Structure formats: C-alpha cells, structure tokens
Amino acid sequence: MTRTLKITLAIALPLLLAGGIAGGIRWSRRDLVTVQTGLAARGDLSAIVTASGEIKPKNYINLGANAQGPITELLVKEGDHVRKGQVVARVERIQPQAELDSQRAAVASSVADASAAEAGLNAQDHVIATAQATLDHSKSDLELAHANFERYEQLYKAQLIARQDFEQYRANLNAAEAGVRESAARLSQAQAQRAQTLAQLNSFQRRVTQAEATQTRVADILAKFDVISPIDGVVTNLPVRMGETIVPGIQNSPASTVMTIADMSLITAEVNADETDVVSVQLGQDATVTIEAMPNHTFHGKVIQIGNSAILRSSGLAASQSTTSSQEAKDFKVVIAIDDPPADIRPGLSATAKIVTATRRDVLAIPIQALTVRTQRELERSADSNAPATRAGSQEVQGVFVIHDSRAEFRKVETGISGSSEIEVASGLAPGDEIITGSYKVIRTIRNQTRVVVDNKLKAEPGT
C-alpha cells in the first residue's frame with residue numbers, strides 16, 4: 001500500500017463514518033415534527049369584543065335650511081360655543097320683512113277702527129241714558145197732566161170752571177202724551193244705533209283677530225329666515241359660506257345643511273360590533289377606548305346603547321332599508337359613553353373600543369391558536385390507519401394536541417369565554433399540561449400520535 005493511498009484512506013474513512021452517523025440520525029428522525037409548546041395554566045380571563053368606529057357627541061343637531069335664499073349673515077364660526085335660542089345665521093329676508101311690516105300696519109288700522117267703534121258705542125250708551133231720562137221725565141209730566149185733567153174735568157162737570165180752562169188742561173194732557181211717545185221713539189232710535197255700533201265693533205274686533213293671525217303667520221315665515229340653535233353646544237361643522245344659497249327640504253344635500261352643533265358635555269364612541277359578537281354585549285358593560293389621534297391615551301367608559309337594527313357593512317345602511325336580500329356581513333351599532341374625555345377631543349376621530357363582556361377568575365386557559373378541530377374519521381385513522389370509518393366519522397371534534405411520551409396526543413376539550421389571546425378550558429385539560437401552540441401550519445396538519453420534537457426557540461422567529 002502506497003503512502004498516498006494510506007493518506008486518502010485516513011481522510012475518507014472518518015468522513016464516511018461521520019456521514020453514516022448523520023444519515024442514521026436523520027433516518028431515525030424522519031417522522032419527527034418540530035413544534036412549539038405552552039402550558040395550560042390558571043389565571044383571570046376576560047372576554048373582550050373589539051369594534052371600530054368614531055367619536056361622536058351623544059347629542060348633536062344638523063341645522064337645516066327652513067327658507068331658501070342666500071346667506072346674508074354668519075354669526076358664528078367653527079369651534080364657537082353657542083346657547084340655546086341663539087341666532088347663528090340669517091337668510092335674505094327683504095320680502096317677508098316687507099309683508100310683516102304691511103301686516104303690522106293692517107293690524108294697527110283694524111285696532112284703530114275697533115277703538116273708534118268702541119268709543120262710538122260708549123257715546124251711544126250716553127245717548128240712550130239721556131233718552132231714557134227724557135222718557136222718564138215725559139212720563140212724569142204725563143202723570144201730572146193726566147191728574148190735572150181728571151180734577152178739572154170734575155170741576156167742569158160741576159160747572160165750577162169755564163170750558164176754556166177745561167180745554168186747556170185737555171190740551172196739556174195731549175201734549176204730555178205726545179211728549180212720552182216722542183221720548184220713547186228717541187230711546188228706540190238710540191238703542192238701534194247702539195246695536196248697529198256694537199255690530200260694527202264686533203266686526204272690527206274680528207278683523208283685528210284675523211289681522212293678528214295673519215301677522216303671526218307672516219312673522220313665523222320671517223322667523224324661518226333665522227337659523228337658531230336649539231341646544232347649548234359647539235359648532236363642529238360649518239359647510240356654508242356667506243352669500244351661498246341654501247335650499248330647504250332636501251335631505252343629505254350640502255345646500256340644506258347650514259351647520260352642526262354638538263353638545264360636548266357627553267362624548268361617546270359609536271362603534272360597529274360584528275353580528276356574532278353583539279349578542280354578548282350588554283348595557284353597562286365596561287369598555288376601553290383608544291383614539292388613533294391620541295395614541296398614548298386609553299379612555300374608559302360604559303356601554304349606554306345597543307342598536308336593534310343590523311347595518312350592512314358595505315353601504316352603512318340599515319338592513320331593513322335594503323330592498324334586496326343580502327347575505328353579506330352585518331354590524332350593530334354600540335354606543336359607549338366616555339368618562340372624563342379631554343377638552344381637545346373632536347367628533348369624527350377614529351376610535352377602537354374593547355368591551356369586556358365577561359370576566360372569569362382563576363380559570364384554566366390556553367392560547368387560542370392551540371385550539372383546533374379534527375373529524376372523528378381523522379382521529380380514528382391517525383390511531384390505526386387500517387381502522388374502518390364509522391358512521392359518525394364526519395363529526396367534528398374540538399380539542400388540542402398535548403405532548404405525551406414525545407408524541408402529539410389529541411385531547412377533546414370544552415371551552416368557555418374567549419379573551420384577546422387566550423380561551424377558557426372548562427374540561428379536558430389539567431393545569432401544567434404541555435400543549436402544542438405552533439406553528440399554525442403544524443396545528444392544522446399534524447396527525448394524532450405523531451412523534452414530535454419541541455423547539456420553543458422558534459417562537460421568537462418571524463413567520464412561525
């Protein structure tokens with residue numbers, strides 16, 4: 001054997017030996033699956049529903065246009081505080097103002113006519129009183145004349161006075177009777193004139209009422225040319241400018257919205273909860289709210305309102321308003337009142353709410369990603385590849401894979417509430433059980449009783 005051959009063999013034999021050992025190790029681990037694991041442990045767990053939306057005041061008003069015309073006055077600007085009843089804008093009002101002035105003059109004229117008729121009625125009352133007094137005086141004169149006539153008639157029959165004197169007293173009686181008739185006629189005339197004046201007064205008073213009603217109507221029309229705040233609040237939106245023409249009665253039209261006034265005393269986060277989550281949301285539940293514009297702050301609050309109508313996720317409209325049946329995902333509105341909101345918070349800011357729907361103390365919990373589903377057929381074939389499938393082979397079983405004797409053993413579990421990253425295990429596991437938590441691909445594909453090797457260093461690597 002030459003020296004060169006000896007050197008070659010000395011180098012080649014260790015290499016062949018090392019390759020054989022490596023190949024043997026690889027062959028022995030050909031069925032091993034690398035997994036990451038975690039322990040089932042006891043602790044406190046909270047079920048949380050996460051929903052996104054925006055910041056809104058609890059009470060806000062979109063002031064619309066009540067009259068058409070160009071804006072002549074904008075008395076506020078965005079961010080100003082306003083009071084209830086304050087005029088915040090005015091629309092051109094030349095014609096309604098002229099109509100109101102005209103109607104005020106008509107009311108004044110009607111009132112003057114009624115006052116004149118009332119004064120005439122008072123004068124007629126005096127005339128009637130005078131005529132009544134004259135009639136009473138005439139009746140008194142008639143009684144005296146009648147008494148004198150009867151007395152002198154007896155004297156005349158007794159031939160104690162001359163016929164000429166008797167005729168004089170008869171004439172006096174006739175004159176007194178005529179005086180009574182004249183006074184009664186004047187009284188009747190005065191009463192008739194009073195009745196006529198009273199009718200005129202009633203007519204003028206009705207005209208006053210009619211004129212005042214018309215004035216009220218015209219004044220109401222004129223008032224609609226003023227935009228008035230119905231609440232105390234802050235101007236949060238002012239889409240119009242001086243001189244722009246606004247149009248009433250057109251919903252969702254830029255020309256019909258003058259401004260938005262919000263009552264900032266109660267700030268809410270109005271979020272849309274998924275239809276599968278909203279069933280666990282109840283009034284009064286605690287929630288935390290984060291606002292994208294304020295990343296370093298977390299705000300606390302409570303649920304104060306839960307919508308009853310589903311909202312289509314694509315259009316934002318209520319599902320009941322849709323004319324066609326839709327199978328798309330739906331949300332429900334949930335309103336959260338924020339405790340102690342900051343002064344610089346603004347409506348419309350994007351917000352995310354986490355609502356605590358349930359809390360459990362000292363429960364057994366595992367990472368959510370460890371939970372998986374297998375059919376009964378898959379479990380039977382994993383245990384014995386030659387076992388026949390049963391009738392219930394397609395039934396799904398929920399469980400986790402537990403490390404037992406270096407193998408992945410499937411355990412059926414019953415679960416409870418779910419937290420943000422963990423889920424409660426009501427039965428099937430014990431504290432300290434080592435379960436497979438990754439990778440995601442392994443949990444989806446691993447078979448029951450598969451040999452595994454644990455490498456938890458991979459947890460820190462991205463993409464595992």
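Student: What makes Asp220 partly exposed?

Tutor: Keep in mind that this is a predicted model. Asp220 has a relative accessible area of 41%. Buried means under 20% and exposed means over 50%, so Asp220, at 41%, counts as partly exposed.

Student: What makes Asp220 and Lys224 a salt bridge?

Tutor: Their side chains meet at 2.9 Å, N to O. The cut-off is 4 Å between a Lys or Arg nitrogen and an Asp or Glu carboxyl oxygen, so this pair qualifies. Lys224 is partly exposed too, at 34% relative accessibility.

Student: Why is Lys56 called buried?

Tutor: Lys56 has 18% relative accessibility, and buried means under 20%, so Lys56 counts as buried. Its side chain meets that of Glu270 in a salt bridge of 3.2 Å, N to O. Lys56 sits in strand E2 and Glu270 in strand E9, so the pair ties together parts 214 residues apart in sequence.

Student: And what makes Glu270 partly exposed?

Tutor: Glu270 is at 22%.

Student: Why is Glu424 called buried?

Tutor: Its relative accessible area is 12%, and buried means under 20%, so Glu424 is buried.

Key:
Residues are numbered from 1 along each chain as its sequence is written. This is a predicted model: local features need pLDDT of at least 70, side-chain atom pairs count only at pLDDT 80 or more; totals for chains, interfaces and linings use all residues. Side-chain values use heavy atoms; hydrogens and water are left out. Helices (H or I, at least four residues) and strands (E, at least two) are DSSP runs, numbered from the N terminus. Buried means under 20% relative accessible area, exposed over 50%, partly exposed in between (1.4 Å probe, protein chains only).
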